[in-house]
Amino acid sequence: MIVVFMALIMTERLTAMIALIIVPIVFALIGGFGTDIGPMVISGLRAIAPTGVLTLFAILYFGLMIDVGLFDALVRLIIRLSKGDPVRLVVGSAAMALIVSLDGDGSTTFLLCVTALLPLHRYLGINPLILPCVIGLSNSVMNIAPWGGPTARVMSVLHLDASQVFLPLVPGMTMASLAVLGIAYYLGRKERARLSKIGKPEAPDHVSAFGGDVDFSSTDLPAPERRPALMIFNLVLTVALLVCLVGGWLPLPVLFMAAFAIAITVNFPKQKDQKERIAAHAGSAVSVVGIIFAAGVFTGILSGTKMMDAIAQSVVHMVPAPAAGHLPLITALLSAPFTFFISNDAFYFGIVPILAETAKTYGIAPEIIARASLVGQPVHFLSPLLAANYVLIGLAGVEFGAHQRFTMKWSFLLMLVLLVASALVGVIPVF
């Protein structure tokens with residue numbers, strides 16, 4: 001099922017949304033699960049619903065902030081700092097994503113970074129696949145922080161703390177972060193050379209993925225929906241939202257729902273104007289949120305049919321006894337395909353405990369297996385099972401298959417850097 005799905009989207013025979021719905025249903029029917037498809041799909045949709053709600057209201061909120069002109073000054077500042085140089089912009093995009101990713105939530109990182117940077121990338125005519133590539137690579141490294149999903153899972157299931165798992169990986173994460181900036185520099189140099197030959201597009205598309213136009217000029221008359229008089233209010237509201245996101249005081253969907261309700265009421269008191277603003281972003285919201293809920297069909301059937309469990313157990317049993325002494329290296333290498341083809345929950349709660357228990361009999365500490373299991377995160381971020389991925393590609397306006405083909409080699413390179421750097425400092429003994 002997974003191979004067919006990947007083949008269809010990477011060859012662009014089907015869009016990701018359609019493939020996520022049709023392929024698992026067909027294979028569930030082939031497997032004889034016809035009467036159970038409904039409950040499995042509903043279970044998958046329930047699990048992914050918070051991400052869908054978060055994405056819907058985040059798109060509406062940030063789209064509204066673009067409409068009222070909150071990001072115009074920021075974009076003009078980035079233009080001045082980058083001085084129209086693709087190298088500076090691409091490296092700056094990676095650096096910004098590394099910093100924003102400290103909040104531990106991929107969807108929020110993608111929303112914030114794409115909002116601020118996509119219009120400028122389009123303005124300069126940069127390859128649209130570069131922005132989601134460098135943002136995703138940055139997030140994949142910083143997601144190893146202890147408040148990120150994978151590290152929190154492995155610490156809880158193996159009863160370890162951050163000093164045993166996360167802190168020893170900091171040198172490897174530092175090298176991986178530098179590697180991300182190096183990749184961004186290389187991609188920026190290639191774009192600089194390409195654009196120097198063809199020149200900047202004469203009629204650049206300034207429309208953001210949220211449906212709003214970003215004002216690149218400081219002298220043009222503002223569009224009717226701009227609210228310069230409410231700039232301070234919108235800035236304070238957005239900063240307050242970000243503080244609450246980092247603080248984790250309320251669930252993310254609730255925060256964005258409340259922030260959007262306040263923002264649209266203050267900026268557009270009339271119901272007619274509110275309906276117009278919501279309608280302006282309906283297309284972007286439906287395309288992104290639709291694919292997230294389609295992913296719920298895929299994950300629900302993958303989990304409900306026990307395909308996920310069978311894949312995990314089969315691979316664990318395939319590890320030969322003589323190789324058990326090399327379990328840290330085996331775990332690190334397996335973490336890439338495992339977290340790509342099955343969910344983080346299945347890997348960290350189902351497979352890692354088995355690997356850790358096996359490693360104990362060979363005198364290998366559980367924390368070593370825990371660290372090794374995190375090495376594959378740069379590849380995991382390209383997984384079709386990761387809901388945040390659909391937020392990223394939806395907002396960036398690129399096809400999932402094209403994004404995977406463009407970014408995959410850099411993901412494996414980043415994984416190798418993380419593994420070698422961690423091995424050199426002795427926290428993952430693989431030599």
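pLDDT is the predictor's confidence in each residue, from 0 to 100.

**Entry 1, confidence.** I began with this score, since the model is predicted. The chain has a mean pLDDT of 81, and I noted that 87% of its residues reach 70 or more. Residues 203-209 fall below 50, although in the model this stretch has 20 contacts beyond near neighbours in sequence. Where pLDDT is low, the predicted coordinates should not be read in detail. I therefore took no detail from that stretch.

Where does α3 have a kink? I located the kink at Ile48, shortly before the proline Pro50, with an angle of about 50 degrees. Just after α3, I recorded a positive phi of about 90 degrees at Gly69.

I then turned to α5 (residues 86-100) and α6 (residues 106-124), whose axes come within 10 Å and cross at roughly 175 degrees. Angles over 145 degrees count as roughly antiparallel, and α5 and α6 are therefore roughly antiparallel to each other. On the α5 side, I listed Leu89, Val90, Ser93, Met96, Ala97 and Val100 in the contact. The α6 side contributes Thr109, Leu112, Cys113, Ala116, Leu117, Leu120, His121 and Leu124. Sorted by class, this contact has 11 nonpolar residues, three polar and no charged ones.

Terms used:
Residues are numbered from 1 along each chain as its sequence is written. This is a predicted model: local features need pLDDT of at least 70, side-chain atom pairs count only at pLDDT 80 or more; totals for chains, interfaces and linings use all residues. Side-chain values use heavy atoms; hydrogens and water are left out. The bend at a residue is the angle between axes fitted to the seven residues ending there and the seven starting there. Helices (H or I, at least four residues) and strands (E, at least two) are DSSP runs, numbered from the N terminus. Contact means heavy atoms within 4.5 Å. Axes are lines fitted to C-alpha atoms, for helices over the stretch in contact, and angles run from 0 to 180 degrees between N-to-C directions. Angles under 35 degrees count as roughly parallel, over 145 as roughly antiparallel, 65 to 115 as roughly perpendicular and the rest as oblique. Ala, Val, Leu, Ile, Met, Phe, Trp, Tyr, Cys and Pro count as nonpolar, Asp, Glu, Lys and Arg as charged, and the others, Gly among them, as polar.
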